[in-house]
Amino acid sequence: MISPSSSLPSVPPQEAAAIEWERKPKTIDANLKDYDAAYREFNWKTVEREFDWSRTGKVNIVHEAIDRHAAGARRDKVALHYTDYAGRDERYTFQDLKVQTSRCASVLQRAGVKKGDRVGTFLPRTPELYIAILGINRIGAIPVPLFEAFMEQAVEDRLGDSEAVVCVTSPALKSRIPLAKLPALKTLILVGASGARAANEISYEQAMAEAPNWVEPEWLTVDDGLIIHYTSGSTGKSKGALHRQYAMVGHYQTSKWALDLRDDEIYWCTADPGWVTGTSYGIYGPWTLGITSVVIGGRFDPDRWFQTIEKYKVTMWYSAPTAYRMLMSAGEAIPKKYNLSSLRHICSVGEPLNPEALKWVKRITGLAPHETWWMTETGMQLICNYRSKDFPIGCTGKPFPGTYATVVDEQGKEVPPHVLGNLVVKPGWPSMMKEIWNNPAKYQEYFRISGWYVSGDTAYKDEHGYIWYQGRADDVIKTAGERVGPFEVESALVAHPAVAEAGVIGKPDEVRGQIIKAFVALRKGFQPSEPLKKEIADFVKTTLAAHAAPREIAFVDKVPKTRSGKIMRRVLRAWDQGLPVGDISTMEE
Ligand code: WTA
């Protein structure tokens, strides 16, 4: 938590003086032409009219994202281009997706899934993943996407908490689903299964082949569930942010004004649907607009990434700072091999984009990535830089029209320019999460400062109204753009037989933003050693997830805790940086 306003640090004014303006042509063809006018006048009600449900009263995201396009002029327009550069190279029109998601819906129905049920998806980034998520939505059930790198503990936590009744997965990934510990989970739908199957397993391909081409969407209200994304906080296990159907209003308009998507776009969102960016802006936003999306499978590979832009003539690219930095560190020779001239707009999300990376992307593409700030819980972009407006390099941006984000002290009072405070949002934007699944108390914590949604980030505003992200106020870690809770990693660490206690922090890192560093106290009889470090890190990799495994481990005699037993991560951070530990009067003896 940051301290009350009286002692809030000021951000030095030379930072503002260092502003470098990104000059834009005066006659830019952006969808949002005049941010200031829109900010004054815009009303979300006008966006509701873009959806058929505003006339019919019948709500379902799949109708708005797929069926209405398939019934109209976009019927044969490509909705999804897919390649994995390993044999699969496919395209799906809106009509194809209508058929595929109908079939998938029917398969789910036959497996007993009903409106409101939760259904896990645990698949690599393939067309089947996109089809499954929308197939689940079609019958009014609630998708719970799991990132394919999750290992058993992470899978158990998420499918257990959501009480998913079915999971769409693959033969390779299913071994990480501990069925015996998941009483609600009755059936697995296996993509790519061959040979014998257990009684509770269905072959996706076989069932899809027998299913009808059309399943009418389950008609819902705007308040019904859309999706649950699990995300991490600084305490406890990951929590499920449930979004409602109405969120589509926010996805649609931000895709139009911040991503600036237009009808002839070839849009590439690099995020996996296991994370919120991969659904809000990999599925719902672009497809409610009827846009052509590119998805590539397989692992990150700089060559493939630039090749993708050339291959599909990508016009709009939405990615993350770690990816830009990884491309940058792979060297300029790679982008020089490819024609990147199709690009006309780039956006960035997930962590602050440092000026070096921004300038590098600008050098190789001619375009500066525009920041978009938001969170799993907010469902949509809230603070952005817009194509039609100059912005200072390094700033996070301005609140999206129709929303109000600002910086306040602990009492909820807005602080003057250049004073650090809590980054907060006035509740009521269209895609604000509906609840934290199974945990009303956690939900309430987001509103601990009266009148505001508290993001957990710190920021300041400048005299022009730009917001500058400064960091987290809590212990949440952002590593390579992925949000990791220290508690989850600590729990995984102490399950290793050699580990008595563990404390975990995010350590600043040039490429990944942060890396996970663990301080580990060993049990009696175990000696610190390099092989043991590797063994412990590998243990987290194989039980939780590779991206959640510590890249650095330091052995300590004791993990610093308060007398009430809370790990003092502030002290760990000071140790890591070789800085004074400050006030430790609350530390246990
Ligand atoms: C951070 C990702 C700086 C922030 C959509 C936030 C950012 C957390 C930005 C949410 C940005 C996201 N600049 N920081 N443009 N965008 N963040 O839930 O700390 O994975 O609270 O959602 O990422 O991460 P999450």
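Against which elements do the buried residues of α5 pack? In this predicted model, local features are reported where pLDDT is at least 70, side-chain atom pairs count only at pLDDT 80 or more, and totals for chains, interfaces and linings use all residues. Residues are numbered from 1 along each chain as its sequence is written, and side-chain values use heavy atoms, with hydrogens and water left out.

The buried residues of α5 pack against α4 (53-56), α6 (94-110), α7 (127-138), β8 (225-231), α10 (247-257) and α11 (276-288), where contact means heavy atoms within 4.5 Å. Helices (H or I, at least four residues) and strands (E, at least two) are DSSP runs, numbered from the N terminus. Because 10 of the 10 residues of helix α5 (residues 61-70) are buried, this helix is largely enclosed by the rest of the structure; buried means under 20% relative accessible area, exposed over 50%, and partly exposed in between, with a 1.4 Å probe and protein chains only. Among these buried residues are His-63, Glu-64, Asp-67, Arg-68 and His-69. The N-terminal end of α5 is capped by Asn-60, a side-chain oxygen of which lies 2.8 Å from the backbone nitrogen of Val-62.

The protein chain is divided into domain 1 (47-299) and domain 2 (476-577), with bounds that come from an automatic or database domain assignment. The centres of the two domains, taken over C-alpha atoms, are separated by 33 Å, and 19 residues of domain 1 are in contact with 16 residues of domain 2.

The structure holds 3 cavities of 30 Å³ or more. On a 1 Å grid over the protein atoms alone, a cavity is a set of points where a 1.4 Å probe fits but cannot get out, and lining residues have an atom within 4 Å of a point; grid points are joined across faces, edges and corners, and a volume is the space filled by probe spheres set on the points. The largest cavity has a volume of about 90 Å³, and of the 13 residues that line it, Phe-150, Arg-158, Glu-488, His-547 and Ala-548 are the closest to its centre. Two or more residues of this lining are given by each of α8 (152-162) and β23 (482-484), while domain 1 and domain 2 each contribute at least three residues to the lining of the largest cavity.

Glu-351, found in the loop between β13 (345-349) and α15 (355-365), is buried, with a relative accessible area of 9%. Its side chain makes polar contacts with the side chain of Thr-322 at 2.6 Å and with that of Arg-325 at 2.8 Å; a polar contact is a pair of N or O atoms within 3.5 Å, of which, within protein, one must be able to donate a hydrogen and the other to accept it, and residues adjacent in sequence count only if both atoms are side-chain atoms. Not counting residues up to four places away in sequence, Glu-351 also touches residues including Pro-321, Glu-371, Ala-480 and Arg-512.

Most residues other than glycine have a negative phi. Lys-313, although not a glycine, has a positive phi of about 55 degrees; Lys-313 is found in the loop between α12 (302-312) and β12 (316-319) and counts as exposed at 57% relative accessibility.

Terms used
On a 1 Å grid over the protein atoms alone, a cavity is a set of points where a 1.4 Å probe fits but cannot get out, and a pocket is an open set with protein on both sides within 12 Å along at least five of seven lines; lining residues have an atom within 4 Å of a point.
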